[in-house]
Amino acid sequence: MSTQTADVIVLGGGSGGLAASFRAAAHGARVVMLEPSALGGTCVNVGCVPKKAMWLAADLAERIALAPALGFAAAAPVPDWAPLLQRRRQYIDGIHASYRKRLQENGIVHLAQRGRLLDARTVECEDGTRVQAPQIVLATGSHALRPAIPGAGLGGVSDDFFALEAAPAQVAIVGGGYIAVELAGVLRALGSAVTLLVRGQRLLGGFDGELAEQLAEAMRRQGIVLQFGSRLQALEAQARGIGLRLQGEEDTAATVADTVLFATGRAPNSDGLGLEAVGVERDDKGAVKVDAYQNTSVAGIAAVGDITAQAMLTPVAIAAARRLMDRLYGGQPDAKLDYDAVPSVVFSHPPLGSVGLSEEQARARFDTVTTYHSRFRPMLQALAGGEGRSLFKMVCAGADERVVGLHLLGEAADEILQGFAVAVKAGVTRRQMEDTVAIHPTSAEEVVLMR
């Protein structure tokens, strides 16, 4: 049995684990990283990156449908998936190659194995190899959940979307969060008939309700069937597809699909790591408990990313990991991630970008809240006679009307939000927004012209 030593052991080679490894190595630390699967974790392999590739194709399909109105020859608005998937694979292969090169260049030892903690300083690999270090970082990510209902195995989880080689004729997606919304929009634009089964009475809990309502209307205009208050009881194999039995429905024939995808949440990958024996505390959902500096309950063991269930977003995992390593090895004892006003984007059709508090959250926190809106038709939609609409919303608090929330639904919202997120984080006021000259004609100008 061989034993290696290092300054830090990183369990997981996803976004958080890679960021931790690269930053620690940049500060001169000796790093051993364990990752048994493809580098990049969920984001690169079955998440952000391939999702955005499919979203871009779907967005292009929607624009092609508008092209004849502007004088272009009609083209097929639904792509052949084979070349699309080939390009997607090539792009991801390039990312993998880049990671491997960077690991080698930075002297990071990559062990393609699973690890388990023997104690607070020792990790044992599957082949018996042991690695010892004074610091361990848990960054093993999360996995998609499948509900505990009869016949659940007939459906796939969100990861299985990326195994599709063509658009299924009829798809039922179970869930109302951002993953469900994104999959519904992509599949509809790329050729599927889509039904979205939402347990609650609205989409995107936690996002601003007004924008979520308008997004629902946009999805209906696109032909997506939204069924709110749907409580799925079972999946049943039928001769012509998969039957979905809902609470209160005896006849499943009305709800049948070729493909069923569950987008009903994710859980941290914290089992099988030996955390109990070492004393690392977890919450009732399995997430590792950490303090503001990413420390766990055991000295010398930290955790970042989805395993902590702190804003399960790739950029959050990366930012938290980098600050952790700046604190441990970069001479920055106060470095930590500020989880307030983290911007995020739902790659729906149209996209929805959000930073800060929703109106509902702001009214629960502040005595004085004012909101400003801009409802408009993006120029391309107006020119081509499209049905697309945008809704931008600013949420302000206090007498000085500090902007505490900014929410954008519409074309280019994903690209517009980043710069304005800096302003919101810096404490911009509505007056300062108004004092900024608009760039015309753009959608972005509406952010500083809201009334």
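In this briefing, a helix is a DSSP run of at least four residues marked H or I, a strand is a run of at least two marked E, and both are numbered from the N terminus. With that in hand, welcome to the structure above, which is a predicted model.

- Helix α3 makes the largest contribution to the lining of the second largest pocket, with 8 residues.
- Sorted by class, the lining of this pocket holds 13 nonpolar, 10 charged and 9 polar residues.

**The cavity**

- How many cavities of 30 Å³ or more are counted? The count is 1.
- The largest cavity holds about 30 Å³ of space.
- Its lining consists of Tyr372, Met394, Arg430, Met433, Glu434, Val447, Val448 and Met450.
- Helix α12, covering residues 430-434, gives the most to that lining, namely 3 residues.
- By class, the lining of the largest cavity has 6 nonpolar and 2 charged residues, with no polar ones.

**A three-stranded sheet**

- Look for an open sheet of 3 strands, whose order is β14-β15-β16 and whose pairing is antiparallel.
- The edge strands are β14 (232-238) and β16 (256-257), and each of them pairs on one side only.
- Strand β14 and strand β15 (residues 241-246) are joined in the antiparallel sense over 6 bridges.
- Where is the bridge partner of Leu232? The partner is Leu246, in β15.

- Ala237 belongs to strand β14.
- Is Ala237 buried or exposed? Ala237 counts as exposed because its relative accessible area is 66%, and the cut-off for exposed is over 50%.
- Between Ala237 and Gly151 there are 86 residues of separation in sequence, yet the C-alpha to C-alpha distance is 8.0 Å.
- Leu164 sits in the loop that runs between β10 (156-157) and β11 (170-174).
- Leu164 has a relative accessible area of 15%, so this residue is buried, given that buried means under 20%.
- Leu164 and Thr259 are 95 residues apart along the chain, and their C-alpha atoms are separated by 9.9 Å.

**Cysteines**

- As a reminder, a disulfide is a covalent bond that links the sulfur atoms of two cysteines.
- How many disulfides does a search of the whole structure find? The search finds 0.
- Cys43 is buried because its relative accessible area is 12%, a value that falls under the 20% cut-off.
- Cys48 has 32% relative accessibility, so Cys48 counts as partly exposed.

**An annotated region**

- According to an unreviewed UniProt entry, residues 342-450 carry the annotation "domain: Pyridine nucleotide-disulphide oxidoreductase dimerisation".
- Over residues 342-450 the chain is 29% strand and 28% helix.
- The end C-alpha atoms of the stretch 342-450 lie 22 Å apart.

Conventions: Residues numbered from 1 in each chain as written. Predicted model: local features only at pLDDT ≥ 70, side-chain atom pairs only at ≥ 80, totals over all residues. Heavy atoms only, no water. Pairing = 2+ DSSP bridges. Nonpolar A, V, L, I, M, F, W, Y, C, P; charged D, E, K, R; others polar. Disulfide = S-S within 2.5 Å. Buried < 20%, exposed > 50% of the residue type's maximum accessible area, 1.4 Å probe, protein only. UniProt positions renumbered as here; feature names shortened; annotations may be inferred. 1 Å grid on protein atoms, 1.4 Å probe; cavity = no way out; pocket = protein on both sides within 12 Å on 5 of 7 lines; lining within 4 Å. Points joined across faces, edges and corners; volume = space filled by probe spheres on them.
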